Amino acid sequence: ETLRVHQVATNSDLAIVPATEGVCLGLTFSPDGDYVYYVTIKERSASVALVQSRAQGTLYQVPVLGGASRKLIANVDTAITFSPDGRRLAFVRSELDRVETAIIVANADGSEEHKLAARASPDFYLSTGRYGGGPAWSPDGKVIACVVGRFDRQKVVAVSATDGAETPVGSQSLRGIGRLSWLPDGRGLLMVGVDLRFLAQIFEISYPTGEVRKITNDLTSYNGVSLDADARFLVTVQTDARTHHLWVVAPGEDSGYAKKIASMRGTGEGSWTPDGRIVSVAMRNDRWNLWVANQDGTEHKQLTAFTNPVNVRPSVSP
């Protein structure tokens with residue numbers, strides 16, 4: 001992937017990190033606007049990296065107008081967030097050997113790491129995830145907001161930046177929550193969350209009461225949300241997530257020869273069966289379930305009918 005900076009005033013952009021193997025996630029401007037911090041994950045595609053709950057990336061810093069990237073910290077699993085004075089940063093790290101996740105605080109240059117708080121299974125501090133992720137340091141510097149939970153039940157907590165003590169922000173949970181962004185007055189946060197229709201919408205959660213208000217309510221999905229300095233505008237990525245198309249192409253064959261075998265509201269995930277059929281994920285009656293089809297698209301039928309709303313990531317045994 002290539003990392004580019006777009007200048008809003010002139011509608012021009014500049015490549016600041018050349019094409020590299022892997023995926024660039026967690027883009028964050030330094031408070032003074034001189035640098036961009038980003039996390040790289042050595043995966044072949046963003047779709048693979050985004051579904052890894054413990055992706056283990058590496059944090060880099062690059063000048064906002066381009067130049068040599070500087071490696072700062074290894075084993076970084078979310079976007080970073082800066083303290084209000086810009087001197088420190090925080091992120092989530094997966095401690096695989098301890099089966100826990102931790103909020104790590106370090107100096108802005110990557111030095112003097114220390115563990116602020118930790119959580120064990122099953123309710124982790126959420127890392128990269130499908131909808132992006134990352135903690136958010138409050139404007140007054142007192143707490144770091146973070147998402148906790150598991151795949152289909154997530155909520156927001158406030159962690160004391162002094163001693164790591166944790167306080168729930170309300171009681172409402174969502175099926176998925178993305179990167180958090182504080183309002184400048186510290187009275188709430190913006191976030192992307194998955195609603196009952198399994199669409200990623202933009203929400204506002206008040207602080208400290210935790211009341212949730214839906215900002216968008218449409219048939220598309222959103223990925224990431226960021227506010228300008230005056231909180232007059234926000235920026236996000238909008239995606240039409242209603243329909244996915246499943247294609248088949250022979251190894252090494254030009255993509256122009258690919259054949260579309262199914263169109264469905266699904267996740268785009270699929271797995272081959274030993275007898276040459278394809279298992280994929282699609283939605284019906286507000287539930288994700290597994291479907292199977294021949295490789296030419298015929299006999300496309302529902303394979304499971306689980307009552308649990310989220311049944312994804314199929315893998316077929318030999």
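Visitor: Is Cys-146 buried or exposed?

Guide: Buried means under 20% relative accessible area, exposed over 50%, and partly exposed in between, with a 1.4 Å probe and protein chains only. Cys-146 has a relative accessible area of 1%, so Cys-146 is buried. The model is predicted: local features need pLDDT of at least 70, side-chain atom pairs count only at pLDDT 80 or more, and totals for chains, interfaces and linings use all residues. Residues are numbered from 1 along each chain as its sequence is written, and side-chain values use heavy atoms, with hydrogens and water left out.

Visitor: How many disulfides does the structure hold?

Guide: A disulfide is a pair of cysteine sulfur atoms within 2.5 Å. The structure holds 0 disulfides. Cys-24 is buried because its relative accessible area is 12%.

Visitor: Which residues does Thr-40 touch?

Guide: Contact means heavy atoms within 4.5 Å. Leaving aside residues up to four places away in sequence, Thr-40 touches Val-23, Cys-24, Gly-57, Thr-58 and Tyr-60. Strands (E, at least two residues) are DSSP runs, numbered from the N terminus, and Thr-40 lies in strand E4, residues 35–41. Thr-40 counts as buried because its relative accessibility is 12%.

Visitor: What is the order of the open sheet of 4 strands?

Guide: Two strands pair if DSSP finds at least two bridges between them. The order is E7-E8-E9-E10, and the pairing is antiparallel. Strand E7 (81–82) and strand E10 (114–120) are the edge strands, each pairing on one side only. E7 is joined by 2 bridges to strand E8 (residues 88–95), and the two run antiparallel. Phe-82 stands opposite Leu-89 in E8.
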